[in-house]
Amino acid sequence: MAKASAGILFKFSRIDRRYIYLIILICVIVPLVAGVRMEMSVTAPVEGLYEAIDNLKPGSYVWLAADYDPGSMPELYPMNVALVEHLFSRDIKIICGALWPPGPPLAQRVFNELAPKYGKRYGIDYVNLGFKEGREAVMVSIAEDMKATFPRDFFGTPWDSIPMLQAISNLGDVKMIVCVSAGYPGIKEWVQQIATRYRISIGGGVTAVSGPEMYPYIQSGQLVGLLAGMKGAAEYEQMVGKPGLGLSGMVAQSYVHIMVVVFIAFANLVFFLEKRSKR
Amino acid sequence: MKNEVPVVVAFFTGMLMVVSLFIPHPVVSTPASVVRQWAIIITAFAYVLGVANIARISLHNVKRRQRDWQYKAALVFALATMATIGIALGIESGGVFDWIYLNMYVPMQATMFSLLAFYIASAAYRAFRARSPEATFLLVTAAIVMLGRVPIGEKIWSGFPGLTEWIMEVPNMAAKRGIMIGAALGAISTGLKMILGLERSYLGGD
């Protein structure tokens, strides 16, 4: 009897990977279709970013770095939406720029979605300066002369024709940098090049896989706060009070994580039984 | 000359960048700012070079009907189409370029990355084994972090998020900080060697 059940377990351990894919697919699709949501506790780095933005005076300027691409959209797009919701609701002016070529259209999609809701006008309350190649050189360059680095916006409008930019000459006129970052160049480089040198607050969001790398910067105070992965986005949505893609995605992610833990536990159980039977 | 001129250029530009960090006087900051603008322009040229190179290689592949030439043909077609539409019709929101970007490029790239969820689950099932004490330690930590990073973990045991944060803020940060300090010291040493002309591998060739 024991031998038979061990045999079944061994058979399961060599299961066709397509069954695993199917289980994961069900874990992802069912919660998304059902639209289930789960509340969660908010972690300190997320609270730090929320408070830093909440403490900015209405009318002050923020540089929004859209340094991400569609590959990281499931994690970073909900963050971008939640952050812009918060910034717009606090009447903070947004100057958006990107060091990743696919970033500006994604940021523009967020603006197109949210600007009418908050009655915000392009060029008055927010602007999209588009992409500029040059990585760290661009960061330092906008810190010293923003107009020389971005003489035109994403749509080709000259700097001098954009009303909200007439009060801006460099990053010194900006109260905070909010970076939505998928990798290099991203939030880490903003901290290294700008935070200490120009004494500007930096916060933002990264993918879950990059999150652990950012903790030293949070502890040193060089990052005022951080959203890591979809969980960070979901926590921020919860704080802003605008449930969105992050909170709905977290339930799917919950089931997938549980399944992965179950897979690992089961595979290791079989591994030990096999090892014992060989002895 | 072929080797000496780039080394001299690297020395002067490198030293200018280092000095401008410590001396914010216009005598230093103005030329440093000019050099940075040059760097941005030169990097932008790398894109032109990259596009030209990929187009050349792909066209060559298509002409000779080499392996997977159909993919290269699709690449050249997509490259030419997007460039033509972008230059001729502009890239404004709601335009053709924007529509193709949001409705074709975005879903295709997101699909590629979402496949990772399936591969990770399959790989974890097949390869993540407690073969040694170190592997067991890694496995248990990974399971705690996975549960602590999702709301359902909090429902199973309210201590999971706190334990996850502790793992991130203490052992993870200690390891990351060590790696970062080591990497920074390595970068400083390599940077100095390049500025002083001791490291010349970036020149290519011999």
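Biologist: In what order do the strands of the open sheet in chain A run, and how do they pair?

Modeller: In this predicted model, the open sheet of chain A has 6 strands in the order E3-E2-E1-E4-E5-E6, and the pairing is parallel.

Biologist: Which are the edge strands?

Modeller: They are strand E3 (126-131) and strand E6 (225-228) of chain A, each of which pairs on one side only. From one strand to the next, the twist averages 15°.

Biologist: Over how many bridges do E1 and E2 of chain A pair?

Modeller: Strand E1 (residues 61-67) and strand E2 (residues 93-98) of chain A pair over 5 bridges, in the parallel sense. Within this pair, A:Leu64 stands opposite A:Cys96 in E2(A).

Biologist: Which strands does helix H3 of chain A lie across?

Modeller: Helix H3 (residues 44-54) lies across strand E4 (176-181), strand E5 (201-206) and E6 of chain A, and runs at about 125° to E6(A). Helix H10 (residues 229-240) of chain A also packs on the sheet, where it touches E5 and E6; its direction makes about 120° with that of E6(A).

Biologist: Turning to the contact between the chains, how many residues does each one give?

Modeller: Chain B contributes 47 residues and chain A contributes 50 residues.

Biologist: And which element gives the most on the chain B side?

Modeller: H4(B) does, with 16 residues. Other elements giving two or more residues include helix H2 (26-63) and helix H7 (160-195) of chain B. By class, this side of chain B has 29 nonpolar, 8 polar and 10 charged residues.

Biologist: What domains does chain B have?

Modeller: The domain assignment gives domain 1 (1-89), domain 2 (91-127) and domain 3 (128-192). The C-alpha centres of domain 1 and domain 3 of chain B lie 37 Å apart.

Notes
Residues numbered from 1 in each chain as written. Chains lettered and ligands numbered in written order. Predicted model: local features only at pLDDT ≥ 70, side-chain atom pairs only at ≥ 80, totals over all residues. Pairing = 2+ DSSP bridges. Helix = DSSP H or I, 4+ residues; strand = E, 2+ residues; numbered from the N terminus. Axes fitted to C-alpha atoms, helices over the stretch in contact; angles between N-to-C directions. Contact = placed C-beta atoms within 7 Å. Domains from an automatic or database assignment. Nonpolar A, V, L, I, M, F, W, Y, C, P; charged D, E, K, R; others polar.
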